Amino acid sequence: MNNPSWLQDVSQERKAEILELRSQRFAFLNEERYQTFQKALEQAPEIQVDSLDLSQDIISMQGNPSSEEQDSLHESLKAFIPWKKGPFNFFGTTIDSEWQSQDKWNRLGPHIGSLEGQVIADVGCNNGYFMFRMAEHKPRLVLGIEPVAKNYYNFQLINKYAKQDNLHFELFGMEHLDLFPKSFDTIFCLGILYHHTDPIGLLRKARTALKKGGQLIIDCQGIAGDEPVAYMPPGKYAGGRGFWFLPTLSCLENWVKRSGFQHVDVLFESPLSVDEQRSSEWAPIKSLKEFLSPCQTKTVEGHPAPHRFYLKARV
């Protein structure tokens with residue numbers, strides 16, 4: 001396996017470990033359980049893109065495909081149902097995803113500052129929606145870090161048409177950020193911390209991966225409350241597994257500060273809306289509305305309803 005082009009833009013201190021991990025992770029892409037996604041990518045037709053718009057809520061690629069090409073593309077797109085992040089428009093086919101990801105980007109945008117020329121990590125990048133939104137701002141590199149094979153192939157399908165050479169997807173996890181000491185100007189950590197058993201350890205790794213003066217942008221799910229505490233559900237939370245620590249806003253701020261960050265700013269706080277996360281034609285699944293009580297103050301399991309907190313912190 002050849003060295004990736006992005007490697008020259010990050011620290012070379014742990015290059016051998018990065019390459020070894022990359023080789024291990026790419027080895028499982030050919031497993032039988034991922035063949036549906038691999039075939040969807042391979043069978044997606046070559047279509048000339050006449051216009052690409054990364055600046056609007058719906059990431060849009062337009063051209064003049066034949067009806068046969070349109071049908072073939074539609075089949076490839078369907079392979080990735082449910083689409084969790086978006087929206088996108090592929091040559092007239094609009095992907096209305098479960099998450100209205102533009103809402104998050106529009107809230108964060110005024111606070112991020114210039115990304116031009118930056119080396120950026122998008123941790124837990126899913127299919128890359130936010131990476132493509134970042135690309136409009138001309139970063140040197142956006143490295144998407146995401147261990148899920150479906151999302152890898154989904155990103156490759158999108159970039160088959162978007163053709164953004166400064167965007168790269170690697171099958172790493174947030175726990176691997178310490179392989180990149182002092183490498184990134186900005187790290188986006190959106191919707192990740194509460195899915196891990198050691199959020200403070202991950203924040204410390206993020207700090208070591210930032211350059212001096214670098215910034216960490218956080219979106220974290222949590223609960224309402226004034227006390228600096230975190231709620232740990234005993235099992236499922238809002239119908240989902242893998243929820244560990246759901247902090248109050250003051251608890252999250254303490255996590256970030258005690259991990260060594262300075263100048264911690266709260267950018268946004270609000271209950272999670274059923275308009276932002278909901279089922280759709282391209283995500284025909286039970287979503288937030290189905291997992292909240294009628295008054296939407298509790299989950300169906302009786303846990304506190306989810307809130308979202310956005311923070312910015314510097315080293």
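Trainee: Where is K182 placed?
Mentor: K182 is in the loop between strand 9 (167–170) and strand 10 (184–190). Helices (H or I, at least four residues) and strands (E, at least two) are DSSP runs, numbered from the N terminus. Residues are numbered from 1 along each chain as its sequence is written. The model is predicted: local features need pLDDT of at least 70, side-chain atom pairs count only at pLDDT 80 or more, while totals for chains, interfaces and linings use all residues, and side-chain values use heavy atoms, leaving out hydrogens and water.

Trainee: Why does K182 count as exposed?
Mentor: Exposed means over 50% relative accessible area, buried under 20%, and partly exposed in between (1.4 Å probe, protein chains only). K182 has 64% relative accessibility, so it counts as exposed.

Trainee: Which strand holds H263?
Mentor: H263 is in strand 14 (residues 262–271). Phi of H263 is also positive, near 50°. The relative accessible area of H263 is 61%, so H263 is exposed.

Trainee: What makes the bond from I81 to P82 cis?
Mentor: Its omega is near 0°. P82 lies in the loop between helix 3 (67–78) and strand 3 (85–86). The bond from G86 to P87 is cis too, with omega near 15°. Most peptide bonds are trans.

Trainee: Why is the pair of F172 and F180 called tilted?
Mentor: Rings of Phe, Tyr and Trp (its six-membered ring) pair if their centres lie within 6.5 Å; planes under 30 degrees apart count as stacked, over 60 as edge-to-face and the rest as tilted. The whole structure has 23 aromatic pairs. The centres of F172 and F180 are 6.2 Å apart and the planes are at 40°, so this pair is tilted. F172 and F180 are both buried.

Trainee: How do you know that the charge of K104 sits over the ring of W99?
Mentor: The rule asks for NZ of Lys or CZ of Arg within 6 Å of the ring centre and within 35 degrees of the ring normal. The charged end of K104 is 5.7 Å from the centre of the W99 ring, and sits over that ring.

Trainee: How many residues does the largest nonpolar core have?
Mentor: The largest nonpolar core has 51 residues. Such a core is a set of buried Ala, Val, Leu, Ile, Met, Phe, Trp, Tyr and Cys residues joined through side-chain atoms within 4.5 Å. Helix 6 (residues 149–162) gives the most to this core, with 8 residues.
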